[in-house]
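User: I would like to go through this model with you. Could we take the helices, the sheet and the charged pairs in turn?

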Number of protein chains: 2
Amino acid sequence: MKRFSRSVATVGERELLDRYLPLLRRGAGREVPVPPGDDAAVVRGNAADWVVTTDMLVEDVHFRREWTSGADLGHKALAVNLSDLAAMGDVVPSFGVVSLGLPPSTPVGFVDDFYAGMSALARRHRFRIVGGDTVRSRRLTVSVTALGRVSRGARPVLRGGARPGDEILVTGTVGDAAAGLQILERRPRDRSTYAPLVRSFLRPFPRLDVCSRIGRTPGVTALMDSSDGFYRSVAEICRASGVGARVEAEAIPLSRAFRAWARSAGKNPLTVALSGGEDYQLVLTARPAAARELAREHVAGIVGRVLPAREKFMVYEKGKPRTVTGLYEHFA
Amino acid sequence: MKRFSRSVATVGERELLDRYLPLLRRGAGREVPVPPGDDAAVVRGNAADWVVTTDMLVEDVHFRREWTSGADLGHKALAVNLSDLAAMGDVVPSFGVVSLGLPPSTPVGFVDDFYAGMSALARRHRFRIVGGDTVRSRRLTVSVTALGRVSRGARPVLRGGARPGDEILVTGTVGDAAAGLQILERRPRDRSTYAPLVRSFLRPFPRLDVCSRIGRTPGVTALMDSSDGFYRSVAEICRASGVGARVEAEAIPLSRAFRAWARSAGKNPLTVALSGGEDYQLVLTARPAAARELAREHVAGIVGRVLPAREKFMVYEKGKPRTVTGLYEHFA
């Protein structure tokens, strides 16, 4: 019974994935050209390929009711899934389902607002919620599954394609959501002063506006969303691609509001930006010409370069490698 | 703020559905020929129609760890979704995703067994688990989304097509799972004596073996699974079709093990069979000729008849209407 002696907490998310992905992959054949492990899975259809993803949000783990309205939660539960679709490239969101675990004491108005918030975001992206399940539960729990159609002639861009010499890019500012979470948890009186930061945590904006542009650009080699934070996304691309990387701290885009908050809160902005998660930007690698093109058109900014595998992934600040600590661990 | 004054518990599942189905339906257009509210939703593809369903299972609501092994839970979480696909008729299960909310103390061996149990059932039906999400949660929570392909030339069979004069049929025995649950909760020492009953609760068998046969039979007018129990299924078909019904208690199939258990436990078998849930048989209505054909081939047994709307749905025992009490309420 040795295998029963360890708990999920001691194993961690990465090892859990390593344990089950091979098992899940066994079922994947020709009809599932991209097996589990990327932002979304790809399923080969007769006329088009489908991209499918699912995310679960749990009360007191991913959100607190005291600072999340029903509409915020409905928006976010769908947004994080749409972001996973965007992270596959030239994909059009199509349809999905939502399951809700509700404590019996949940006010009906909260559930009304939840569906209103989710429907508003769905309509904006012509995404159809076609079904769901509603059950009793101790903690409010939301699970959304979303499907998107791969555009005709396009191929999903995965995490594992980065090559030495590629540039590393990110589609927007880093750290806003991490600051927003700190404000909600520790300095709620700052909530109105730094409303855009709080909003970027509560109401993330999936980058469906640029994913097709990125997915259609020849020379884009790897793509994922930064739901686990910018630093982790680059680290994951390096792991999946078997490469190293060098990121220049000074090139990481930080918003004006984020800098102002960091100053007022006495925080090192780079520390928050690198360790925090939930940005929901896209992180990508591209051959230099493609990277310059995307940067010129303000689709994404260049922040570093892919290196051979023998080089570890490091963030350089003023030319010196910087240690990154305080990364979020799912089962800690 | 009046709408905030009521909780989910006071509203109940039926009213929750009535509140949100119209909102969800608004998004459904030509591409979603069957809007939310049936066992599964239907999505129109280029080459084939898809059927999609999702179900969430929550610890201490739908199962208890003390009597559910990881393999049982993995099996059941997928089985209840496959049953929803079967309840749409001539449908072939295709692919799906699974989300797991895990308390950090969960033994890794439990999670191993969960995936093994789910994979075994998936393989049997050539169903591919293509992705998922693993998060921290207080109570073990499983959410599965499953998609199936509607067979070429076939149309899903919905709940709302029953017409007066149709026969009512069920594909197997009723009450076994309800007895299994009572054994697990109240008389665990009976567990080995009545193993088939316990098994039908812990390891339901989705009726994918007969769904295509039923879905292809002309004259089948309504179809759903009996996950909420036989009585509720007939009541739901009546509601969705705008008809009444008369079911003969003596015609409801009860297993030999179920009768023996009821005797030994001092229970009225019909009371348990009618109020209990989780049977995962298929309940259907069909024109008399089709019903006779299905009965002759032992696909399903005839248990009653559809009546005009002015007649309420009633179960008759020895020719007299019988009151049904003790039905399970999701948010009670």
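User: To start, what covers the buried residues of α4(B)?

Analyst: This is a predicted model. In it, the cover over the buried residues of α4(B) includes α5 (195-202), α8 (256-265) and α9 (269-275) of chain B.

User: And which residues of α4(B) are buried?

Analyst: They are B:Asp176, B:Ala177, B:Ala178, B:Ala179, B:Gly180, B:Gln182, B:Ile183 and B:Leu184. With eight of its 11 residues buried, the helix, which spans residues 176-186, is largely enclosed by the rest of the structure.

User: At what angle do α4(B) and α5(B) pack?

Analyst: The angle is about 100°, and the axes lie 7 Å apart. Angles of 65 to 115 degrees count as roughly perpendicular, so α4(B) is roughly perpendicular to α5(B). On the α5(B) side, the contact is made by B:Leu197, B:Val198, B:Ser200, B:Phe201 and B:Leu202. The contact residues of the two helices divide into nine nonpolar, two polar and one charged.

User: Turning to the sheet, what is the strand order in chain B?

Analyst: The order is β1-β2-β5-β3-β4, in an open sheet of five strands with mixed pairing. At the edges are β1 (41-44) and β4 (128-136) of chain B, each pairing on one side only. From one strand to the next, the twist averages 20°.

User: In which sense do β2(B) and β5(B) pair?

Analyst: Strand β2(B), residues 49-58, and strand β5(B), residues 141-150, are antiparallel and pair over nine bridges. Within this pair, B:Thr53 is opposite B:Ala146.

User: Which strands does helix α2 of chain B touch?

Analyst: Helix α2(B), residues 70-86, packs on the sheet and touches β2, β3 and β5 of chain B. Its direction makes about 145° with that of β2(B). Helix α3(B), residues 108-124, lies across β3, β4 and β5 of chain B and runs at about 175° to β3(B).

User: Now the charged pairs: how many salt bridges are there over all chains?

Analyst: There are 37. One of them joins B:Arg287 to B:Asp166, with the closest N and O atoms 2.5 Å apart. The two residues are 121 residues apart in the chain: B:Arg287 is in the loop between β9 and α10 of chain B, and B:Asp166 is in the loop between β5 and β6 of chain B.

User: Is B:Asp166 buried or exposed?

Analyst: B:Asp166 counts as buried, at 0% relative accessibility, whereas B:Arg287 is partly exposed at 28%.

User: Which residues of chain A are linked in a network of salt bridges?

Analyst: The network links A:Asp38, A:Asp39, A:Arg159, A:Glu236 and A:Arg239.

Terms used
Residues numbered from 1 in each chain as written. Chains lettered and ligands numbered in written order. Predicted model: local features only at pLDDT ≥ 70, side-chain atom pairs only at ≥ 80, totals over all residues. Heavy atoms only, no water. Buried < 20%, exposed > 50% of the residue type's maximum accessible area, 1.4 Å probe, protein only. Helix = DSSP H or I, 4+ residues; strand = E, 2+ residues; numbered from the N terminus. Contact = heavy atoms within 4.5 Å. Pairing = 2+ DSSP bridges. Axes fitted to C-alpha atoms, helices over the stretch in contact; angles between N-to-C directions. Parallel < 35°, antiparallel > 145°, perpendicular 65-115°, else oblique. Nonpolar A, V, L, I, M, F, W, Y, C, P; charged D, E, K, R; others polar. Salt bridge = Lys/Arg side-chain N within 4 Å of Asp/Glu carboxyl O.
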